[in-house]
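Open the model in your viewer and keep the selection tool at hand. The stops below say what to pick and what is found there.

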Amino acid sequence: MTFLVQSLAAFLLTALLIVWLRRPAQRFGLLDHAGGRKRHGESIPLTGGIALTLGFVGSLLFSAPVLSQYAVLFVALALLAGVGLMDDLGEVSPRGKLIVQILAALLMTSWANHFLVDLGDLLARGTFELRNWGIPLTVFATVAVINGFNMLDGMDGLAGALAFCTLGYFALYADVIGDVNAYKFLVVLLGALAGFLLFNVPHPWRGRRRTFMGDTGSLILGFVVAWFSIDLSQRPGPHVPAVVMLWVVGLVLLDLLTVTLRRIIRRRDPALPDRGHIHHLLLRRGYGTGQVLTWLVAASLALGMAGTLLWLAGTPDYASFGAFLALSAVYLGTFLFPSRWLLRLLQRRVSGAGRAALDTGPGQATTPGRTDAPPDAR
């Protein structure tokens with residue numbers, strides 16, 4: 001019951017802070033202005049991440065066991081919140097932001113002793129131990145997850161909703177393996193995140209209080225996801241297989257991989273932003289924001305559910321990993337260069353429609369029993 005009370009307190013505190021911070025955001029220029037690659041037509045406060053952080057931490061102030069167990073995590077979050085806030089104000093270079101991300105990852109590996117030790121039986125040859133590669137791979141993976149969430153923060157509700165799905169699965173896992181403090185941490189964070197999504201997800205009652213999380217929010221959420229991906233999978237005793245984390249964070253990782261590969265193939269700087277993420281591609285095809293958000297959240301939930309069910313069913317790690325690789329190949333084949341296959345598909349449809357129009361032109365009728373018309377014209 002205490003968990004639910006604290007989670008509700010985090011929800012309410014975050015929502016109240018979002019409303020209260022609107023004027024300070026105007027005063028200090030903490031706004032996302034329209035123009036360039038931005039789709040919105042007005043300046044939107046970037047205070048969602050600040051409110052989320054303060055609402056979450058404020059609701060956990062009296063939970064000494066949680067604060068003690070995750071002291072290093074809170075220190076890293078403070079660093080990321082600081083650099084995120086400065087970046088939202090336009091005072092941090094991409095290199096400086098990357099350095100702070102690496103520092104936060106090193107705090108996790110070297111101070112909290114949280115790093116990848118093994119990846120499970122991925123190749124059907126026994127446990128895949130990382131040994132000296134554990135810490136470097138952990139730092140790389142942490143920075144990748146942080147930037148994956150940061151890059152997906154380009155459409156109302158998307159990054160926050162995907163983080164909510166991921167953290168929800170983590171809370172379930174913490175409950176299953178009996179880690180009370182991890183469960184409380186995650187449930188309270190979910191409450192604060194729900195308070196933010198109230199002002200970020202498109203819905204009729206949001207009104208003019210639309211708010212973005214900014215880099216402050218995306219950096220924090222990405223780091224928490226990276227932390228618990230490792231914490232829940234690399235502990236002695238009851239734990240979650242590492243391959244399950246691939247499924248749960250799969251959509252974020254696949255989008256990051258696809259965008260990075262596309263930029264490299266086109267000889268562009270992988271760090272430069274563009275409009276090539278999956279939500280951008282779907283929006284350009286004419287789908288609405290609500291549709292895209294629903295589909296991507298449903299896809300993330302489905303991936304997490306697939307990984308969870310494979311784990312609970314006792315599926316070997318290598319079989320689960322093979323299934324994820326097959327799914328990844330399909331994703332890459334579909335979205336790496338979507339304009340090419342979509343263009344061919346549209347050309348076939350247009351040519352088919354043109355032939356059908358010629359067959360059924362003025363004064364003509366379609367011949368009964370005719371089978372040479374394309375499928376779309378029949």
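**Stop one: Ser 7**

Select Ser 7, which sits in helix H1, residues 2–20. The model is a predicted one. Is Ser 7 buried or exposed? Its relative accessibility is 13%, so Ser 7 counts as buried. Display the residues around Ser 7: leaving aside neighbours within four places in sequence, its contacts are Val 187, Val 188 and Gly 191.

Move to Phe 185. With residues up to four places away in sequence not counted, Phe 185 touches Phe 56, Leu 60, Val 66, Tyr 70, Leu 73, Phe 74, Val 224 and Phe 228. Phe 185 is also among the residues with the most contacts inside the largest nonpolar core, together with Leu 167, Phe 170, Tyr 173, Phe 223 and Phe 228. That core has 102 residues. Its largest share, 13 residues, comes from helix H8, residues 158–177. In soluble globular proteins, nonpolar side chains tend to be buried together.

**Stop three: aromatic pairs**

The model has 14 aromatic pairs. Select Phe 56 with Phe 185: this pair is edge-to-face, with 4.9 Å centre to centre and 75° between the planes. Phe 56 belongs to helix H3 (residues 48–59) and Phe 185 to helix H9 (residues 180–197), so the pair links distant parts of the chain, 129 residues apart. Both Phe 56 and Phe 185 are buried.

For another edge-to-face pair, select Tyr 287 and Trp 295, whose ring centres are 4.8 Å apart with the planes at 70°. Here Tyr 287 is partly exposed at 35% relative accessibility, and Trp 295 is partly exposed at 40%.

Then select Phe 56, Tyr 70, Phe 74, Phe 185, Phe 223, Trp 227 and Phe 228 together; ring pairs link them into a cluster.

**Stop four: salt bridges**

There are seven salt bridges in the structure. In the one between Asp 87 and Lys 97, the closest N and O atoms are 3.2 Å apart. Asp 87 lies in helix H5 (residues 71–88) and Lys 97 in helix H6 (residues 94–111), ten residues apart. Both Asp 87 and Lys 97 are buried.

Next, select Asp 274 and Arg 263, whose side chains meet in a salt bridge of 2.9 Å, N to O. Asp 274 is in the loop between helix H12 (250–265) and helix H13 (278–284), while Arg 263 is in helix H12, so the pair ties together parts eleven residues apart in sequence. Both Asp 274 and Arg 263 are buried.

Finally for this stop, select Arg 131 and Glu 129, a salt bridge with its closest N and O atoms 3.7 Å apart. Arg 131 counts as exposed, at 69% relative accessibility, and Glu 129 is partly exposed, at 47%.

**Stop five: helix H15**

Select residues 317–335, which make up helix H15. At 1.5 Å a residue, its 19 residues should span 27 Å, and the end C-alpha atoms are 27 Å apart, which agrees. Which residues of H15 are buried? They are Ser 320, Phe 321, Phe 324, Ser 328, Tyr 331 and Phe 335. These cover an arc of only 95° around the axis, so they lie on the same side of H15. An α-helix has 3.6 residues a turn, so residues three or four places apart point the same way. Turn to the face of H15 away from its buried side: Val 330 and Gly 333 are the exposed residues there.

Key
Residues numbered from 1 in each chain as written. Predicted model: local features only at pLDDT ≥ 70, side-chain atom pairs only at ≥ 80, totals over all residues. Heavy atoms only, no water. Phe/Tyr/Trp six-rings, centres within 6.5 Å; stacked < 30°, edge-to-face > 60°. Helix = DSSP H or I, 4+ residues; strand = E, 2+ residues; numbered from the N terminus. Buried < 20%, exposed > 50% of the residue type's maximum accessible area, 1.4 Å probe, protein only. Contact = heavy atoms within 4.5 Å. Expected span 1.5 Å × (residues − 1). Arc of directions from axis to C-beta. Core = buried A, V, L, I, M, F, W, Y, C linked by side-chain atoms within 4.5 Å. Salt bridge = Lys/Arg side-chain N within 4 Å of Asp/Glu carboxyl O.
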